[in-house]
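Trainee: I'm new to this one and would like a close look at a single part. Could you walk me through how the helices pack together?

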Amino acid sequence: MSDDVKANRESSPPAKRSRPADGRRVTFNPNVQERALLPVNEPPKPVTLKEAADIVVRYLDPFYTQGKFANKELFKSFARYLSHLLAEGRSRSKGQVKAEAKALIKKLFSSVKRCESEEDWMHLKRPHSCKTTENKE
């Protein structure tokens, strides 16, 4: 063999592995029907107070560990306040609550460097765009 052919063989990619010998084979089934994950007609389940509290604590905890709250009782009080505020709306999904919790926490700490008293968050209200309009006919 010539040197060119030897060099070509040495630089070729490794051989592919053979299929396992257990006989399993994946095939395409043309009769499979696609299904929607959630029915489009049903509104999302409203978030319970406990779910809202879990979401709030998850997003608020890093601020507590950074020392942004004067004490643990203040952290718990703010988490309770925010959870109740977010659970007020009746037709709110988890995604809406998460987004609103992030926005309200960000708003608080953009105006306050360290939370020293309950007055620091009393100005927080739910964003107007997310309020549910129940009496609209």
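**Around helix H3**

Mentor: Let's start where H3 meets H4: on the H3 side the contact uses Phe78, Leu82, Leu85 and Leu86, and on the H4 side Val97, Glu100, Ala101, Leu104, Ile105 and Leu108. Sorted by type, the residues of this contact are nine nonpolar, no polar and one charged. Keep in mind that you're looking at a predicted model. As for the geometry, the axes of H3 and H4 lie 11 Å apart, at an angle of about 135°. That angle is why H3 counts as oblique to H4. The crossing of this pair, H3 and H4, is right-handed.

Now turn to H2. Its axis and that of H3 come within 9 Å, and the two cross at roughly 140°. H2 and H3 are therefore oblique to each other, and their crossing is right-handed. From H2, the contact takes in Leu49, Ala52, Ala53, Val56, Val57, Leu60, Asp61 and Tyr64. Facing them from H3 are Lys72, Phe75, Phe78, Ala79, Leu82, Ser83, His84, Leu86 and Ala87. By type, the residues where H2 meets H3 come out as 13 nonpolar, two polar and two charged.

Ser83 deserves a quick stop. This residue sits in helix H3, and it counts as buried because its relative accessibility is 3%, where the cut-off for buried is under 20%.

In soluble globular proteins, nonpolar side chains tend to be buried together. Here, the largest nonpolar core has 23 residues, and the ones touching the most other members are Leu60, Phe78 and Leu82. H2 (49-65), H3 (72-87) and H4 (94-111) each supply at least two residues of this core. H3 gives the largest share, seven residues.

Not counting residues up to four places away in sequence, Leu60 touches Phe69, Phe75, Phe78, Ala79, Ile105 and Phe109.

Note on methods: Residues are numbered from 1 along each chain as its sequence is written. This is a predicted model: local features need pLDDT of at least 70, side-chain atom pairs count only at pLDDT 80 or more; totals for chains, interfaces and linings use all residues. Side-chain values use heavy atoms; hydrogens and water are left out. A nonpolar core is a set of buried Ala, Val, Leu, Ile, Met, Phe, Trp, Tyr and Cys residues joined through side-chain atoms within 4.5 Å. Buried means under 20% relative accessible area, exposed over 50%, partly exposed in between (1.4 Å probe, protein chains only). Helices (H or I, at least four residues) and strands (E, at least two) are DSSP runs, numbered from the N terminus. Contact means heavy atoms within 4.5 Å. Axes are lines fitted to C-alpha atoms, for helices over the stretch in contact, and angles run from 0 to 180 degrees between N-to-C directions. Angles under 35 degrees count as roughly parallel, over 145 as roughly antiparallel, 65 to 115 as roughly perpendicular and the rest as oblique. A crossing is left-handed if the near helix is turned anticlockwise from the far one by less than a right angle, and right-handed if clockwise. Ala, Val, Leu, Ile, Met, Phe, Trp, Tyr, Cys and Pro count as nonpolar, Asp, Glu, Lys and Arg as charged, and the others, Gly among them, as polar.
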